[in-house]
Amino acid sequence: MTQQEQARPAGRARRADAERTVQAILEAAERVLSADPTASMEQIAAAAGVARTTVHRRFATRDALIDELTGWAAQRFAEAVHHARPETAPPLVALYQVTANVLDVKIGWGFAMSRIFSADPQVAGVHAGVREQCDRLFLRARDAGVIRTDVDLDWARRVYYALIHEATQQSEPADTDALATLVVDTLLRGIGANGGL
């Protein structure tokens, strides 16, 4: 085995260690900033179990760390929607699964997900892509008879987003499956007795 071939696994191991360190910093940043949005880099480093210099080596400023955290959470958000198979699963199943997955991310990454109006075009692109998937899912749901044909789908999506937002505001730890059921049931059946008026 050549020296170059021997160096490759060591290089991969260092990259994997660096990725784990960055992930630990981002996860700690989410926990710390959720509890105290004014928390310092030193507090984040302590929560991550790394030296302050390690955080500063990875992220030049607190804003750079928050921007990275926001981008990382946006990717988790997109993956959560993708894993629910909104384009191929039966519409009602997909709607429930998208809701449960999104609630997991929005509750678990609440600080980062609250920054959806990031100046980062990549983050904005992720959110636009998720919105397009949601719009297509609502179209599929209407075509399948899950949503009435006379419903304004743009309004329905906005109501759905509002319900998800409210579901994330629970003061106690929540069962995301139960919350997803509540969101989807409220969206599809409303709150009126016997179908409303």
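Guide: Contact here means heavy atoms within 4.5 Å, and helices are DSSP runs (H or I, at least four residues) numbered from the N terminus. The model is predicted, with local features needing pLDDT of at least 70, side-chain atom pairs counting only at pLDDT 80 or more, and totals for chains, interfaces and linings using all residues. Residues are numbered from 1 along each chain as its sequence is written, and side-chain values use heavy atoms, leaving out hydrogens and water.

Helix H7 (residues 121-143) meets helix H5 (residues 91-108) through Leu-137, Phe-138, Arg-140 and Ala-141, which face Pro-91, Ala-94, Leu-95 and Val-98 in H5. By class, this contact comprises seven nonpolar, no polar and one charged residues (Ala, Val, Leu, Ile, Met, Phe, Trp, Tyr, Cys and Pro count as nonpolar; Asp, Glu, Lys and Arg as charged; the others, Gly among them, as polar). The two axes come within 9 Å and cross at roughly 145°; axes are lines fitted to C-alpha atoms, for helices over the stretch in contact, with angles from 0 to 180 degrees between N-to-C directions. The crossing of H5 and H7 is left-handed, meaning that the near helix is turned anticlockwise from the far one by less than a right angle, whereas clockwise is right-handed.

With helix H8 (residues 153-167), H7 makes a right-handed crossing, at roughly 115° and with axes that come within 10 Å. Among the residues in this contact are Phe-138 and Arg-142 of H7 and Tyr-160 and Tyr-161 of H8. The H7 and H8 contact divides into eight nonpolar, no polar and five charged residues.

Terms used: Helix = DSSP H or I, 4+ residues; strand = E, 2+ residues; numbered from the N terminus.
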